[in-house]
Amino acid sequence: METSTFNNDDPIRNERPLIETRLLRCLRDWRIDPEATLDCGRTLLEEISGLLEFYICGCISYGPKNLGGWWSDGVIHLEISERVPDHFKLLGVTWIDSLGISPFEIDVELDPNDNKYFAKTVFRIGTLDSYGRPSVCNRNLGPTRVLEFRPRYNRDWAMAVELSAPTNMTELSDAPKPPNGAF
């Protein structure tokens, strides 16, 4: 099945659609045919991987300052699953500058009535060293190996945030939040 990543009749007023909007459309297309090839000859998975490079860069800007020098320099491995309708898990490995590679996990919830923004995104990237500082994996390590040893809890990722459409953000923690006024 051939499909394109965006429609020229889009109500986004002749502007190039946002990366998030393009990803949203690609995920909906992926649900219909994960093996789809686009008009340009790229597979849908290749298109999503290319868009994720820029989406990851945008998400990192919401993270802690000690990630300030990080940026995605290409997704080298991507797995997509849809656990329930409109809830996707994007699991992969990306280059971080020329420093090395890093696992990422992105949970995306789509709103069937919104064609522009994700309803909710949980974005996780990077590992921590033994001192609790963000670290990358050796570039010679295979992507599946990187994913095998990725963090399992939000507190163990170098960055874990929840983003909701389009600009609100809350830092994630595995611990319950203290009652109002408590520290």
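Author: Start with arginine 22 and glutamate 47, which form a salt bridge with their closest N and O atoms 3.7 Å apart. Keep in mind that this is a predicted model. The pair links distant parts of the chain, since arginine 22 sits in helix α1 (residues 19–32) and glutamate 47 in helix α2 (residues 44–60), 25 residues apart. Arginine 22 has a relative accessibility of 8%, so it counts as buried, and glutamate 47, at 9%, is buried too.

Next up is lysine 89 with glutamate 105, where the closest N and O atoms are 3.1 Å apart. Lysine 89 comes out buried at 18% relative accessibility, just under the 20% cut-off. Glutamate 105 is buried as well, with a relative accessible area of 9%.

Then there's arginine 145 and glutamate 148, with 3.3 Å between the closest N and O atoms of their salt bridge. Both are in helix α3 (residues 143–148), and because they are 3 residues apart, about one helical turn separates them. Arginine 145 is partly exposed at 40% relative accessibility, and so is glutamate 148, at 45%.

As for how pairs connect, salt bridges with shared partners join Arg83, Lys89, Glu105, Asp107, Arg124 and Arg150 into one network.

Terms used: Residues numbered from 1 in each chain as written. Predicted model: local features only at pLDDT ≥ 70, side-chain atom pairs only at ≥ 80, totals over all residues. Heavy atoms only, no water. Salt bridge = Lys/Arg side-chain N within 4 Å of Asp/Glu carboxyl O. Helix = DSSP H or I, 4+ residues; strand = E, 2+ residues; numbered from the N terminus. Buried < 20%, exposed > 50% of the residue type's maximum accessible area, 1.4 Å probe, protein only.
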